[in-house]
There are 2 protein chains.
Amino acid sequence: MSAIDFKVIKKDGPTAARVGSLTTPHGRIDTPIFMPVGTQATVKAMTPEELGEVGAQIILANTYHLYIRPGHELVARMGGLHEFMRWKGPILTDSGGFQVFSLTELRKITEDGVKFQSHLDGSYHFISPETAVAIQEALGGDIIMCFDECPPYPAEYDYVRRSMELTSRWARRCKEAKRRNDQALFGIVQGGMFTELRERSAHELCEIGFDGYALGGLSVGEEKRVMYDIMESCAPFLPEDKPRYVMGIGAPEDLIEGINFGFDMFDCVMPTRNARNGMLFTSFGRVNIKGAAYAEDRSPIDPECGCYVCRNYSRAYLRHLYRAGEILASRLNTWHNLHYYLSLMAEARKAIACGRFAQFRREFYAKRHKGGEE
Amino acid sequence: MSAIDFKVIKKDGPTAARVGSLTTPHGRIDTPIFMPVGTQATVKAMTPEELGEVGAQIILANTYHLYIRPGHELVARMGGLHEFMRWKGPILTDSGGFQVFSLTELRKITEDGVKFQSHLDGSYHFISPETAVAIQEALGGDIIMCFDECPPYPAEYDYVRRSMELTSRWARRCKEAKRRNDQALFGIVQGGMFTELRERSAHELCEIGFDGYALGGLSVGEEKRVMYDIMESCAPFLPEDKPRYVMGIGAPEDLIEGINFGFDMFDCVMPTRNARNGMLFTSFGRVNIKGAAYAEDRSPIDPECGCYVCRNYSRAYLRHLYRAGEILASRLNTWHNLHYYLSLMAEARKAIACGRFAQFRREFYAKRHKGGEE
């Protein structure tokens, strides 16, 4: 028995896009969905109530960061991640693999696991598939991820093949190590930019059997075309009746492409991180709010947007807050960007439900090339 | 005709404390009141709606900061400070004097005004009583302040006397320069720690006639006892039927003392700035949330507090957010501290209305010495 239940509600038809319903121990999610990233048990600058207001249905938390600080055992003693951070909806935790490979110094990979030094204090740590599962069980997310090796980009075929094979062996160990039955476990397809390795990876993971399947190792420096090719070629390798998740992407257009290829779940720091850097997403393209052009602009960020920020504040004020380094700048910009991402998902779901996703996708591109800065 | 209307509703009796009602063009204020400081057209980390939720009735904005960035003329073109920052309630702007004297380099004081260099870019500026009023008229606060010289501490009697006399002459020029009749103008009593200079200052300002009177030049390094002595001795110099405002103080106990002596309005960065440094105010004293003692503490900051933060979050989580440098730490800590300050004012008003402020004051001190860290 899986801890989650996934149903495809409607297929677009002309495209591979689909609308689904994913039921978790902490509530139901409409897919396709974007998951705001709450790295350190908080989606930066937002309260849980505000996440609800912008339309967040599920958030992601980073296992590596929480393992390092405040520690997964502390979180468990505080009642788990939901209780600790007061987010009542579903949570997905990543496996920590990506951060171990991108943030830490002196990591050493063996068959058993990875030895590495903390990015905070240089202390030594070891994470294996078994400990990655144990940490995620302590955190208590609704969906946990297999511990995978995320190869660098570019990488040689042989390195990526060996890495993918290790990831498959680790995936089996993760499944065997799992104890809690109120958490779903997703496998992570690796294989770099080599389609045949991706296919083998997907095949091996499906043989083990998981509650959902993710594409890992994308958005690591490859060109968009390459990323889209991998998404397009890999979607058919994944079971139709399980959620399909592309990890760590992306820009709004990346989500539209992912949906187009039949993916259901996405996460990325882009809307939140870019917000803190003054970069705002709108229906007509991107806006860099620090621009002098907005100094006396009394219009909202996006006149078509109905979010709290666009209903209340002028570009002039947002520019002032940003330039003055005010916390409210990060707050309002994050609010707007997350609202943009989550509204885009809601509109995509609506379009798919009506069998007109292809048209929706064309309009998305046509509109954003009209008035933005890029 | 004054732009504001002030009525003393109830006198405590045993103490000089009083409850008042101050009507401004943007709404009515209950006094005694604490005004959160919104230096750069935002009370740091808070939205206007949240300020309402914590009980803020009036906020203060800093003329110097807004003059430097984004500029008072820009704010005026954007519809004034209320419209710019979307705070619908009353706003008081300070005169900029305190910042000119504490923040800027190479200031040169003449009879005419002050020449100084911006703390941001070193550019040269000149502010006179007339320009200080013009800037505040452009910003559009409900209450504006006379441009004063704030002498350093300690300072020689003769310096303070000449400074106070200059402040009086500047106060007259401010009143004469004032054009808008929908703003109230307050005079600022100076005179350092010399009671007889304070008395002369108050007398001279009353002769000119203002809508309210403030004590300036306190909390500049003097001991608390000295500050309290000045407040106590100066209150009787100020008209009973006008609001009395102590500028730039203070800690909760300073407000209690100020109320005890008959003052009505206070402002200070302490609740907001200390919040961002992890220092929280509670009914039983101060809490430094970074303390290891709170690492696994599931109780709220203050079990007696009913604010959003105390209703939802544990000390353990707040400590984690603070240590992780999260924006949400600043938000939640600011929320709680402002709620504490504004609830304290509400409770003080209630006590005065019942003629039991002396008892309230005793209980305030008795309680906070029981469980806090200091």
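Copies here are superposed by least squares on the C-alpha atoms of residues with pLDDT of at least 70 in both. This is a predicted model, where local features need pLDDT of at least 70, side-chain atom pairs count only at pLDDT 80 or more, and totals for chains, interfaces and linings use all residues. Residues are numbered from 1 along each chain as its sequence is written, and chains are lettered from A and ligands numbered from 1 in the order in which they are written.

First, the two chains. Chain B goes onto chain A by a rotation of 180° with 0.0 Å of shift along the axis, at an RMSD of 0.0 Å. The two copies are therefore related as by a two-fold rotation axis. In chain B, B:Ile327 has the C-alpha nearest that axis, at 3.6 Å.

Next, the contact, which counts residues whose C-beta atoms, placed from the backbone, lie within 7 Å. Chain B gives 30 residues and chain A gives 30 residues. On the chain B side, H3 (72-77), H4 (81-85), H13 (315-323) and H14 (327-353) each supply at least two residues; helices (H or I, at least four residues) and strands (E, at least two) are DSSP runs, numbered from the N terminus. H13(B) gives the most, with five residues.

Last, the sheet. Chain B has an open sheet of three strands in the order S1-S2-S3, with antiparallel pairing; strands pair if DSSP finds at least two bridges between them. Its edge strands are S1 (5-11) and S3 (27-31) of chain B. S1(B) and S2 (residues 18-24) of chain B pair over six bridges. Within S2(B), B:Leu22 is the bridge partner of B:Phe6.

Technical notes:
Contact = placed C-beta atoms within 7 Å.
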